[in-house]
Amino acid sequence: MAHALSSLRRPLIGGDKSYSQVTEDICAPLGRRPTRAWYAALAVSVTALLIGAVAVTDQIWTGIGTWGLNKTVGWAFDITNFVFWVGIGHAGTLISAVLFLFRQRWRTSVNRSAEAMTIFAVMCAGVFPLIHMGRPWLAYWVLPYPNPMGPLWVNFRSPLLWDVFAISTYFTVSLVFWYMGLLPDLAVVARRAEGLRKRLFASLSLGWDGSQRTWLHYEKLYLLLAGLATPLVFSVHTIVSFDFATSVIPGWHSTIFPPYFVCGAIFSGFAMVMTLMIIARKVMAFEDYITLAHIDAMCKITLLTSLIVALAYGTEFFMAWYSGNPYERFAFLNRCFGPYRYFFMGMMLCNVAVPQLLWSRRVRTTPGAVFAVSLLINVGMWLERFVIITISLHRDYLTSSWTMYRPTYIEVCTLIGSFGLFLTLFLLFCRFLPMIAISEVKGVLHYARERAGAPHGQ
Amino acid sequence: MANELVAGVFDSEETILAAARAARRAGLPMHDAYTPFAVHGLDRELGLEPSPLGAVCFRFGAAGLVLTLGFQYWASTFDWPMNIGGKSFNASPALVPVAFELTVLCAGIGMVLWFLAKRGLSPLKKPALEALGGVDDRFVLALRRETGGPTGQELRRFLEAQGARDVIDVEAE
């Protein structure tokens with residue numbers, strides 16, 4: 001049946017689909033055998049994961065002396081990866097919560113997978129502080145639990161402890177938000193599945209039946225969770241930035257860090273969402289759901305955050321000069337012209353220069369070009385954390401303790417392993433759960449399509 | 001036999017909304033509606049009260065805030081004060097981040113548990129009227145047959161007149 005198109009708005013979902021067709025399209029990858037490309041991708045990611053597992057085992061067995069750290073540079077690769085992965089997660093919450101509150105209805109096509117990315121990215125991030133503890137089996141010591149040592153409580157005035165609470169709250173709330181969003185879709189999947197899979201999905205959907213009484217509470221729950229997740233996502237990277245900002249290291253001790261880090265996190269997160277979405281829409285044939293308009297919108301947010309990050313870089317330099325503090329000035333000259341200058345240049349190129357391409361509509365609507373830009377931003381944001389952390393540390397107040405830091409192969413393998421973990425989880429997610437929020441897409445299916453009152457779904 | 005449902009299966013949100021409105025005007029007892037997504041306005045036609053989740057969320061959040069602020073203050077000022085660089089034990093700004101995080105955590109988790117308990121959602125729950133496709137692509141309006149009220153035949157005729165593609169008698173659970 002033909003739908004007249006609105007003259008003011010463009011439909012969010014391409015094609016002219018019925019409700020059952022939406023279910024069919026989104027659940028199709030769950031029912032059929034995975035493609036060869038999926039197996040190939042899984043093989044690569046599991047290999048990377050295994051490399052990481054070996055590296056982590058070695059670090060725990062031998063101790064973190066296997067890293068390239070020294071007396072001056074006590075924090076480098078590990079925390080760089082931690083901050084990088086936490087940042088990646090932020091786009092998921094931004095899409096699912098902040099865009100929900102702003103009533104950006106295009107988010108429905110990408111929110112499910114972006115939220116999944118958040119969860120996987122935070123898991124990857126969590127691995128690094130755990131390893132850094134040296135004795136991860138004592139990780140529960142970071143929690144204030146009644147103990148026979150006094151009881152000796154944790155130090156609530158330490159930013160590292162704030163991190164523990166921020167990351168674990170962020171992970172828990174994101175997971176719950178994601179699962180609640182999945183409930184209606186799990187019921188749909190259960191309806192289509194058979195045998196053991198049907199029983200599994202039916203129990204996971206918690207007996208969801210689409211009752212209006214449940215929807216009533218559910219919609220309120222979703223709104224409130226979005227309202228809670230919004231300040232949460234800003235608080236998480238703010239607290240991560242406190243790890244640095246509350247210290248007295250030149251290059252770290254700065255009040256601009258919280259907004260600067262939050263923006264960088266959203267910037268890198270959107271780049272990662274686009275990297276994965278551009279592959280996924282192609283491989284899973286979701287071009288009608290994740291349309292060029294979606295990519296265009298995400299590019300605009302990426303461009304905006306890139307500009308804010310560029311402004312933050314500029315402000316840091318200006319303040320270093322304006323403060324008149326010789327150590328601060330030196331830290332920033334060393335950042336541009338010191339031995340690690342290529343990292344700095346790479347960061348400026350990837351985070352400030354390359355994203356300017358997104359001003360062009362042609363670039364924004366060419367998935368290949370956006371993919372290339374988003375990959376470079378991923379690299380650039382990793383470099384940014386390395387630049388902030390390592391370059392600020394390696395030449396500190398005492399010239400006699402100046403040194404260089406070089407990661408060992410163990411550290412590089414751990415980073416590879418974290419990518420392996422992330423991609424393995426993401427591939428499994430694409431295979432076993434509906435990648436797009438079915439019930440939400442059905443809700444926006446008729447957006448900007450005038451309906452002639454014709455019965456639907458025939 | 002007193003409580004039996006007559007379910008009309010509709011094809012679109014517009015038709016079920018119109019049917020619910022007509023049923024409300026006709027004073028027919030409505031049991032519930034089952035839809036693949038939240039159909040806005042349908043809750044009003046069914047005469048459902050607004051959700052009290054806002055107040056629930058606030059209470060859980062407030063409890064979390066008070067408990068974590070109180071615990072941090074007690075632990076770092078009275079129970080085991082630690083002298084770290086001579087900083088004051090009860091430095092209140094330092095207690096803000098953890099208190100904030102746990103406020104959000106308590107509000108979020110508390111609200112979700114309240115929702116699950118309120119609607120009885122659990123892995124063992126059997127979905128109601130599952131076979132009619134209310135979770136997938138159909139919009140199901142379930143009317144209740146009460147003693148002394150309209151007969152099943154009348155309800156059936158009403159739903160058919162509203163454009164239901166199928167009308168099915170169901171035993172209420």
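**Figure 1. Left-handed crossing of H7(A) and H4(B) in the predicted model.** In this predicted model, H7(A) passes H4(B) in a left-handed crossing. The two helices pack at an angle of about 165°, with their axes 10 Å apart. An angle over 145 degrees counts as roughly antiparallel, and H7(A) and H4(B) are therefore roughly antiparallel to each other. On the H7(A) side the contact is made by A:Thr214, A:His217, A:Leu221, A:Leu224, A:Leu225, A:Leu228, A:Leu232, A:Ser235 and A:Ile239. H4(B) contributes residues including B:Pro97, B:Phe100, B:Val104, B:Met111, B:Phe115 and B:Arg119. By class, the contact of H7(A) with H4(B) has 13 nonpolar, 4 polar and 3 charged residues.

**Figure 2. The contact between chain A and chain B.** Chain B gives 59 residues to this contact and chain A gives 52 residues. On chain B, at least two residues each come from helix H1 (13-26), strand E2 (30-34), helix H2 (42-45), helix H3 (53-79) and helix H4 (96-119). H4(B) gives the most to the side of chain B that touches chain A, with 16 residues. That side of chain B divides into 35 nonpolar, 10 polar and 14 charged residues.

**Figure 3. Packing of H7(A) on H8(A).** Helix H7 of chain A spans residues 212-245, and helix H8 of chain A spans residues 257-283. Their axes lie 8 Å apart and the helices pack at an angle of about 125°; H7(A) and H8(A) are therefore oblique to each other. H7(A) passes H8(A) in a right-handed crossing. The contact residues of H7(A) are A:Phe234, A:His237, A:Thr238, A:Val240, A:Ser241, A:Phe244 and A:Ala245. From H8(A) come A:Phe257, A:Pro258, A:Phe261, A:Val262 and A:Ala265. The residues of this contact of H7(A) with H8(A) comprise 9 nonpolar, 3 polar and no charged.

**Figure 4. Crossing of H2(A) and H14(A).** The axes of helix H2 (residues 36-62) of chain A and helix H14 (residues 409-432) of chain A come within 6 Å. They cross at roughly 140°, which makes H2(A) oblique to H14(A). H2(A) passes H14(A) in a left-handed crossing. In the contact of H2(A) with H14(A), 17 residues are nonpolar, 8 polar and 2 charged.

Figure 5. Strand E1 (residues 4-10) of chain B and strand E3 (residues 139-145) of chain B run antiparallel and are joined by 7 bridges. B:Phe10 stands opposite B:Phe139 in E3(B).

**Figure 6. Domains of chain B.** The domain assignment of chain B gives domain 1 (4-48 + 132-171) and domain 2 (53-119). Taken over C-alpha atoms, the centres of domain 1 of chain B and domain 2 of chain B are separated by 46 Å.

Terms used: Residues are numbered from 1 along each chain as its sequence is written. Chains are lettered from A and ligands numbered from 1 in the order in which they are written. This is a predicted model: local features need pLDDT of at least 70, side-chain atom pairs count only at pLDDT 80 or more; totals for chains, interfaces and linings use all residues. Axes are lines fitted to C-alpha atoms, for helices over the stretch in contact, and angles run from 0 to 180 degrees between N-to-C directions. Helices (H or I, at least four residues) and strands (E, at least two) are DSSP runs, numbered from the N terminus. Angles under 35 degrees count as roughly parallel, over 145 as roughly antiparallel, 65 to 115 as roughly perpendicular and the rest as oblique. A crossing is left-handed if the near helix is turned anticlockwise from the far one by less than a right angle, and right-handed if clockwise. Two residues are in contact if their C-beta atoms, placed from the backbone, lie within 7 Å. Ala, Val, Leu, Ile, Met, Phe, Trp, Tyr, Cys and Pro count as nonpolar, Asp, Glu, Lys and Arg as charged, and the others, Gly among them, as polar. Domain bounds come from an automatic or database domain assignment. Two strands pair if DSSP finds at least two bridges between them.
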